Amino acid sequence: MVLKRGSVVSVMGLFIGNLGGLTALLIGIIISYTRGGPMVNGYHNFLLAISIAGGITVLFSIISAFFIPNVRGKEKPKHEILLFLTIKRFISLLEEIQKYPNAFLYCIAWVVWNVSFSNFMSMFVLLFRSTLGLGSSDSEYTVYTFMSYVTACIGSISWMYLYPRCSINIKTWGYGFLAFSLFTNFWGCLGISNKTSVGFKHRWEFWVFEVFYSASSSSMRSLNRTVYSTLLPEGDEAQYFGLEIMLGVATGWIGSLVNATIQDRTNNDRFPFLPNLFLVLISITLYYLVDFEKGMKDAEKLVESSESNTEVLEEHFIPPK
């Protein structure tokens, strides 16, 4: 089962990344509490923390390099300038839109959702510190950061466990995660008005939504990687994932700029939740338009049966209990 195997690989990749984030956080806490406060040794503590984290990253990168499959990519044509070759391959990738339309549509939906996710997290953290107090919430913010990594791990692993054991197809799982993302941004919009008593104005709201939003978002990230890989042609997965990363980097800065502009003009830290709400709506719309079945057929990753197409679909989209 392509989707089942992909869900395990995707979740474990994010899980290891979250463990790395927890390790870096622990290093920072140990250094801060053993070498003095940030007002005295903050600069030196920062240099020491990133040096240790960088050294650990290099060490594990070298170790993991021995476990990477030795798969040869396309050879570089002779007498070809690397920059021009990159542009040519990007153009050839775009020319395949008609051949793999669902893969490109899903890529755009994923990028739009990623922008909304990054926007929400940046706004959420700022609201947490400003609402609860910049000086009085330092220790609580440390626990909050730990909870973010822990709940992200629990959320994605729970989805990995439940997906093959529940009679819920993978697209329905995605609708559920996206719906909660939409609801969370809507909840933030409620706080725009001073007349409402909710909308991330109380401590309990931050903790409740932190747990569920981190868990559901981590699961959605795993699901995106799983589905996207099944819509891509065999052997070209790296190029298409590179396209998604490139689009994410190219558009990621726009959200922060727009949020900062809105906050400066309105003097309301919760107002950026409103445009972010529309980003999630756009992502859901694009997600709805993606035909998973046809996309897998186009990529030749869904094998049709002459006897019963329904059985094949159930095998890929509705795993047996």
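1. How many helices and how many strands are there in the protein chain? There are 11 helices and 0 strands, and from the N terminus on the elements run α-α-α-α-α-α-α-α-α-α-α. Here helices (H or I, at least four residues) and strands (E, at least two) are DSSP runs, numbered from the N terminus.

2. A quick word on what you're looking at. This is a predicted model, where local features need pLDDT of at least 70, side-chain atom pairs count only at pLDDT 80 or more, and totals for chains, interfaces and linings use all residues. Residues are numbered from 1 along each chain as its sequence is written, and side-chain values use heavy atoms, with hydrogens and water left out.

3. Now the overall numbers. The protein chain has 321 residues, and 39% of them count as buried (buried means under 20% relative accessible area, exposed over 50%, partly exposed in between, with a 1.4 Å probe and protein chains only). Its accessible surface comes to about 18,200 Å², with 67% of that belonging to carbon and sulfur atoms; such areas come from the Shrake-Rupley method with a 1.4 Å probe, and for residues only the protein chains shown count as cover. Take the contacts (heavy atoms within 4.5 Å) between residues at least 6 apart in sequence: 76% of these join residues at least 24 apart.

4. On to the inside. The largest nonpolar core has 51 residues; a core like this is a set of buried Ala, Val, Leu, Ile, Met, Phe, Trp, Tyr and Cys residues joined through side-chain atoms within 4.5 Å. Tyr106, Trp159, Ile170, Phe200 and Leu223 are the residues with the most contacts inside this core. Two or more residues each come from α1 (2-35), α4 (101-132), α5, α6 (170-190), α7, α8 (237-266), α9 (273-289) and α10, and α4 gives the most, with 15 residues. As background, nonpolar side chains tend to be buried together in soluble globular proteins.

5. Pick out Phe200 and see what surrounds this residue. Leaving aside residues up to four places away in sequence, phenylalanine 200 touches several other phenylalanines, including Phe120, Phe124, Phe206, Phe209 and Phe273. Among its other partners are Trp187, Glu205 and Arg270.

6. Not counting residues up to four places away in sequence, asparagine 119 touches Gly255, Ser256, Asn259, Asn276 and Leu279.

7. Next, the salt bridges. The rule asks for a side-chain nitrogen of Lys or Arg within 4 Å of a carboxyl oxygen of Asp or Glu, and by this rule the count comes to 3 salt bridges. In one of them, arginine 203 pairs with glutamate 140, the closest N and O atoms being 2.8 Å apart. Arginine 203 lies in helix α7 (residues 203-230) and glutamate 140 in helix α5 (residues 138-162), so the pair ties together parts that are 63 residues apart in sequence. Arginine 203 counts as partly exposed at 43% relative accessibility, whereas glutamate 140 is buried, with a relative accessible area of 17%.

8. Glutamate 293 pairs with lysine 297, their closest N and O atoms lying 2.9 Å apart. These two sit 4 residues apart in the helix, so about one helical turn separates them. Glutamate 293 is partly exposed at 26%, and lysine 297 is partly exposed at 29%. Aspartate 298 forms a salt bridge with lysine 294, with closest N and O atoms 3.2 Å apart; this pair is also 4 residues apart in α10, about one helical turn. Aspartate 298 counts as partly exposed at 23%, as does lysine 294 at 41%.

9. On a 1 Å grid over the protein atoms alone, a cavity is a set of points where a 1.4 Å probe fits but cannot get out, and a pocket is an open set with protein on both sides within 12 Å along at least five of seven lines; lining residues have an atom within 4 Å of a point. Grid points are joined across faces, edges and corners, and a volume is the space filled by probe spheres set on the points.

10. The second largest pocket has a volume of about 390 Å³ and is lined by 13 residues, with Gly6, Val9, Ser10, Arg225 and Ser229 nearest its centre. The largest share of this lining, 6 residues, comes from α1.
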